[in-house]
Amino acid sequence: MPPLAAVRFSLLCFLGSSVAKALHGAAVHEVSVKVQVFDNGDLSPLTDAAVDIYTNQSWLATGTTDKDGVALITLQYRLGTWLIVTAAKPGFVTNSAPWHANKTPLFTSVSLYLLPERPATLMLYDDVVQILLGSPGAKNQPWVQFQRKNVGLPANTSYNDLSAFLTTANTEMEVEGFPYLLGYEANATVNHSRLELIPVAAISIHLFTRNGSAIEVSGPIQVSVPLPADNLVTKARDIPAWKFDRKIGE
């Protein structure tokens, strides 16, 4: 299993329409995209944020923001193709946004706002490790749990050296601070329709050593996230879960 620090889940529902397909035979042009990255809290620009651009689940281009929170990325773009622009920085939740153009733009910019991660409570038991927000036993709080035996602590590291972060969202405004996610039709190729998804909740979990190294966790991880009490979600309804994968940007 990947490091726990890389695990991000979103609980989503299907939207019953598909987004545009990639256009075959469209002209390819050189396009420069100005990506601006901000702290979602105080709106200050974020330096040294990693910016990546993907298309059709493949990496396309990369850059790093300067002191003004700006990365200027030049790429070869096929008109009409959807791109996913992502921004990531330690201490913040990775975010992304879709972008496309049907005619060559003279100028384009994308702004991304990163949520600061929230420090979490780390509980160690004989059999399990639990990460949660607030006090143990509190109602309607998000938590993550996994077997203690599956935690791969580095040499000369103890649980006293670990820091946990758990950031959640279950309102439309909060979810906008998490990656934009798309689903693909079953057995579809990259040229088939994609499905936009309506998030009902999202969670980001990070577990680090004192020097910032990610902790390896093997085996299953249990995740509990309070869901909004609206007509989209009922006790009798199954809700699929998606994990954001930075390798493909979705």
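## The four-stranded sheet

An open sheet of four strands runs in the order E4-E3-E6-E7, with antiparallel pairing (strands are DSSP runs of E, at least two residues, numbered from the N terminus; two of them pair if DSSP finds at least two bridges between them). At the edges sit E4 (58-64) and E7 (95-99), each pairing on one side only. From one strand to the next, the twist averages 20°, with axes fitted to C-alpha atoms and angles running from 0 to 180 degrees between N-to-C directions.

E3 (residues 50-55) and E6 (residues 83-88) share five bridges in the antiparallel sense. Ala-50 has Ala-88 in E6 as its bridge partner.

## About the model

This is a predicted model, so to speak for itself: local features need pLDDT of at least 70, side-chain atom pairs count only at pLDDT 80 or more, and totals for chains, interfaces and linings use all residues. Residues are numbered from 1 along each chain as its sequence is written, and side-chain values use heavy atoms, leaving out hydrogens and water.

## Two cores

The largest nonpolar core has 24 residues (buried Ala, Val, Leu, Ile, Met, Phe, Trp, Tyr and Cys joined through side-chain atoms within 4.5 Å; buried means under 20% relative accessible area with a 1.4 Å probe, protein chains only). Val-37, Val-51, Tyr-77 and Trp-99 have the most contacts inside it. A second, separate core of 19 residues includes Leu-133, Phe-146, Val-151 and Ala-201.

Among the residues that Val-51 touches are Val-35, Ala-61, Ile-73 and Val-85 (contact means heavy atoms within 4.5 Å).

## Whole chain

Buried residues make up 43% of the 250 in the chain.

Methods. Buried means under 20% relative accessible area, exposed over 50%, partly exposed in between (1.4 Å probe, protein chains only). Lists of a residue's contacts leave out its neighbours within four places in sequence.
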